[in-house]
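Morning, everyone. I have one protein to show you today. Have a look at it first, and then we'll walk through it.

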Amino acid sequence: MFRTATCGELRLADRDKAVILAGWVQKVRNLGAMVFIDLRDRYGITQITVDEHAPAELKAVAENLGREYVVQVSGKVTERSAKNTKIPTGEIEIIATEIKVLNASEVPPFTIEENSDGGDDLRMKYRYLDLRRAPLQRAMMLRHRLAQEIRRYLDGQGFMEIETPYMIKSTPEGARDFVVPSRMNPGEFYALPQSPQTFKQLLMVSGYDRYFQIVRCFRDEDLRADRQPEFTQVDCEMAFVEREDVLEVFEGMMRTMFDKTLGITFPGDRFPRMSWREAMETYGSDKPDIRFGMKFNDMTSLAKGHGFAVFDSAEYVGGICVPGCASYTRKQLDGLTEFVKRPQVGAKGLVYVRREADGSYKSSVDKFYPQEALAGWGEATGMRPGDLLLILAGPKKQTLAALCALRLEMGDRLGLRPHDTFAPLWVVDFPLLEWDDETQRYYAMHHPFTSPKTEDMEKFFSGDMKALGDVRAEAYDFVVNGVEVGGGSIRIHDGRVQSRMFEVLGFSPEEAQAQFGFLLGAFRYGAPPHGGIAFGFDRMCSLFGGSDSIRDFIAFPKNNSGRDMMIDAPSPLAEAQLEELRIAVAKPE
């Protein structure tokens with residue numbers, strides 16, 4: 001046996017036990033008469049001691065060990081005289097009787113410690129070493145635990161885990177598909193799935209009324225901290241359900257995940273619900289962070305008509321009341337002005353109003369607005385003495401987005417967005433369609449298989465193009481702390497409604513049949529009402545792990561350019577491969 005115990009399991013109760021450990025050398029401390037070795041595996045660290053009575057050859061082996069050497073240690077468990085309360089094994093040590101070097105190691109390119117000295121690119125290149133570090137091990141363990149709890153919960157709810165294909169057909173809506181050439185069918189390509197959407201709907205038609213899959217998906221898009229070209233979804237579908245049935249089952253799943261993995265329970269019978277329209281008007285986002293207030297105040301009617309051209313000419317004037325920040329200095333206010341002027345925020349300027357301790361008001365637009373007008377603003381926005389009102393103006397959609405960025409910035413500055421506080425929310429009643437001015441057509445806000453709300457079906461079938469913009473979808477998103485963790489909808493199960501959706505999206509009947517004939521055909525054979533949801537598993541892991549980035553919760557992630565730094569992918573194909581696949585590669589200009 002290479003080992004009889006791991007480096008994280010031995011305690012005082014094991015005193016005097018003869019054991020064999022195996023692992024990596026974290027650190028060697030040579031004190032002359034004695035040598036101390038920190039031996040590490042994924043379970044923890046145990047101190048190995050080569051004492052002054054050890055044979056010379058044993059001491060020589062210990063003194064010549066380097067960081068990350070793989071060794072096997074035989075010895076006896078002993079109580080430590082100088083205990084380390086920071087680690088679970090800190091009350092014991094192993095008095096070594098034999099050390100075998102199983103494999104030597106070069107000096108690693110960065111320290112494999114809790115906090116490494118390696119930069120992101122270096123650690124990505126040597127990801128197999130980075131994964132030895134305790135923070136990455138904790139992240140991988142959290143991911144594992146979440147996956148197992150999800151499987152246990154869904155199995156208990158009668159769901160079947162069924163695999164769907166990875167090589168599918170690309171569609172006109174799949175402009176961001178990764179494509180795979182077919183050697184046996186020259187000039188033809190598979191696509192890697194962005195989602196198993198149509199397959200899980202077909203499973204409902206097939207009678208498998210509760211399906212789930214923890215599935216890899218692929219999307220060729222620009223990357224951010226919470227995006228990867230390949231990602232994992234908890235993909236689920238249910239038949240014979242309405243929206244409330246889906247929300248009840250998956251709210252139960254998320255409550256279970258919080259309880260089992262973080263020990264957190266939430267009060268009340270159900271998580272808060274908010275319509276898409278309310279979320280946009282109140283927070284400027286369809287994934288609002290509701291851990292703190294600072295809701296938007298529509299000040300358009302209050303602000304207009306006083307000769308201040310910026311407000312008078314604006315489509316929308318909105319403000320947020322920031323508690324306790326009337327003491328902000330001019331330098332701090334100038335900093336906020338520069339923040340909202342950033343291209344990614346997009347505002348042209350910032351107006352502020354302070355409510356002083358004596359109840360009076362001071363603003364950056366005092367010459368246009370007397371105290372009575374500012375007092376009206378204060379009353380409308382709930383300002384108290386010591387509060388600061390921040391106001392933006394401009395086109396409504398752009399200004400709401402800028403106010404959202406400003407609100408989140410103030411939440412961060414005031415410490416109102418801690419990683420260990422969670423505020424779940426269901427956002428419902430999204431628009432079914434969104435209009436694109438450039439192409440002069442509607443696009444599905446979620447996907448073309450989302451059902452319109454029953455009460456909006458008449459508008460959906462009307463020939464009024466404007467009315468289509470008011471049609472709401474039976475769609476819902478699960479949001480936590482301003483992050484969309486999951487999203488889904490009740491699906492279209494009626495061929496007539498699905499055909500109308502394709503028509504609205506600009507498909508000719510022939511195009512719809514060519515691309516989705518298999519689904520339309522299935523609907524002719526008794527499709528049940530059905531709906532589902534998909535959770536971003538990587539995002540869920542990072543949320544539960546208190547991180548803004550999903551990369552630490554993926555064993556082998558890509559960088560921000562979509563590259564695997566470790567294996568250097570993507571990479572060119574050999575000419576022989578290209579010829580066999582009958583692919584010609586255009587050289588970049």
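Start with burial. Of the 589 residues in this protein, 47% are buried. Keep in mind that this is a predicted model.

Now the overall dimensions. The C-alpha trace spans about 90 × 75 × 60 Å along its principal axes. In secondary structure, we have 18 helices and 22 strands.

How much accessible surface does the protein have? About 29500 Å². Carbon and sulfur atoms account for 50% of that surface.

Next, charge. There are 74 positive side chains and 87 negative ones. The centres of these two sets lie 3 Å apart.

What about contacts along the chain? Take those with a separation of 6 or more: 66% of them join residues 24 or more positions apart.

Let's go inside. A general point first: in soluble globular proteins, nonpolar side chains tend to be buried together. Here, the largest nonpolar core has 40 residues. Which of its members touch the most others? Leu154, Phe250 and Phe535. Helix α6, residues 243-262, gives this core its largest share, with eight residues.

Zoom in on Phe250. Set aside its neighbours within four places in sequence. Phe250 is then in contact with Leu154, Phe159, Cys236, Met238, Trp426, Ile533 and Phe535. So much for that one.

Key
Residues are numbered from 1 along each chain as its sequence is written. This is a predicted model: local features need pLDDT of at least 70, side-chain atom pairs count only at pLDDT 80 or more; totals for chains, interfaces and linings use all residues. Side-chain values use heavy atoms; hydrogens and water are left out. Helices (H or I, at least four residues) and strands (E, at least two) are DSSP runs, numbered from the N terminus. Buried means under 20% relative accessible area, exposed over 50%, partly exposed in between (1.4 Å probe, protein chains only). Contact means heavy atoms within 4.5 Å. Accessible areas come from the Shrake-Rupley method with a 1.4 Å probe; for residues, only the protein chains shown count as cover. Lys and Arg count as positive and Asp and Glu as negative; His and the chain ends are not counted. The place of a charge is taken as NZ of Lys, CZ of Arg, CG of Asp or CD of Glu. A nonpolar core is a set of buried Ala, Val, Leu, Ile, Met, Phe, Trp, Tyr and Cys residues joined through side-chain atoms within 4.5 Å.
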